[in-house]
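Me: I'm new to reading protein structures. Please take me through this one feature by feature.

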Amino acid sequence: CMQDALPEVRQSSFALLGDLTKACFQHVHPFMSEFFPILGQNLNPDYISVCNNATWAIGEICMKLGEETRQFIHLVLKELIVIINRPNTPKTLLENTAITIGRLGYVCPVEVAPYLPEFVRQWCTSLRHIRDNDEKDSAFRGMCHMITVNPAGVVPDFIFFCDAIASWVNPPQDLHQMIQKILHGFKTQVGEENWRRFVDQFPPTLSERLVAMYSI
């Protein structure tokens, strides 16, 4: 079904794969080496619903597969980066793509972090409006892991990261600490004076929110 000529059939099969992954991963786990190339081939935003469901399924799979995802990243990451940077990508697909890239970074930060400069700005703007939930949680944890591995990769777009983390209403305590550590690490690295200049570029509401949330 995942290779059917009809997009509607492929769309439904990827939705089913994602649901099966969440409900009974042990039954789909043995077939990952067959599924991942097909998922990668369907990351084509010309077929929005197919692409959206394939992207979502990849995100669900990698959260179950963990470090084993490493062997499959080359089949999907470049395509996901193309989608997130594509003009006029629908909002839902952008958000799903950002979450899945974040989740890939969560389970395999060393493999994904070198590509940070290629997607971090768009990633941050895609996720700044979504409500607090488990998907946002895992995606932001992934971003924190990637920044820890490759801090230089986020420096040119750090203001976008600050804007994205300010979108949390009530982050879990351990995630809050991870974000706070990154902010304070960045501040320490650039020095008080440069940090002040940097923060002066922020809209006042963003500065106030970062101070209130992260004591920065």
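Reply: Start with helices and strands: here they are DSSP runs, numbered from the N terminus, with at least four residues of H or I for a helix and at least two of E for a strand. A helix's expected span is 1.5 Å times one less than its number of residues. Before we go on, this is a predicted model, so local features need pLDDT of at least 70 and side-chain atom pairs count only at pLDDT 80 or more, while totals for chains, interfaces and linings use all residues. Residues are numbered from 1 along each chain as its sequence is written, and side-chain values use heavy atoms, with hydrogens and water left out.

Me: How many residues does helix α8 have, and what does it reach from its first C-alpha to its last?

Reply: Helix α8 covers residues 134-149, which is 16 residues, and reaches 23 Å, close to the expected 22 Å. At its start, a side-chain oxygen of N133 comes within 3.1 Å of the backbone nitrogen of E135. α5 can be read the same way: 17 residues reaching 25 Å, close to the 24 Å expected.

Me: Which residues in α8 are buried?

Reply: Buried means under 20% relative accessible area, exposed means over 50%, and partly exposed is in between (1.4 Å probe, protein chains only). In α8 the buried ones include F140, M143, C144, M146 and I147, along with K136, D137 and R141. They pack against α3, α5 (91-107), α6 (109-112), α7, α9 (158-165) and α10 (173-190), where contact means heavy atoms within 4.5 Å. As for α5, 14 of its 17 residues are buried, so the rest of the structure largely encloses it.

Me: Which residues touch the most other members of the largest nonpolar core?

Reply: A nonpolar core is a set of buried Ala, Val, Leu, Ile, Met, Phe, Trp, Tyr and Cys residues joined through side-chain atoms within 4.5 Å. The largest one here has 72 residues, and F119, W123 and F158 touch the most other members. Helix α3 (residues 48-65) gives the most to this core, with 8 residues. Beyond its neighbours within four places in sequence, F119 is in contact with I81, I84, N85, I101, V112, M143 and M146.

Me: Is S126 buried or exposed?

Reply: S126 counts as buried because its relative accessibility is 7%. S126 sits in helix α7 (residues 116-127), and its side chain reaches the backbone oxygen of Q122 at 2.6 Å. Setting aside neighbours within four places in sequence, S126 is in contact with I84, L94, E95 and A98.

Me: What about K187: buried or exposed?

Reply: K187 is buried, at 18% relative accessible area, and lies in helix α10. Not counting residues up to four places away in sequence, K187 touches E192, W195 and I216. K187 and F198 are 11 residues apart in sequence and 9.6 Å apart in space, C-alpha to C-alpha.

Me: How many disulfides does a search of the whole structure find?

Reply: A disulfide is taken as a pair of cysteine sulfur atoms within 2.5 Å. The search of the whole structure finds 0. For C144, the nearest cysteine sulfur is that of C124, 10 Å away. For C162, the nearest is also that of C124, at 8.9 Å. C144 is buried, with a relative accessible area of 1%, and C162 counts as buried at 0%.

Methods:
A polar contact is a pair of N or O atoms within 3.5 Å; within protein, one must be able to donate a hydrogen and the other to accept it, and residues adjacent in sequence count only if both atoms are side-chain atoms.
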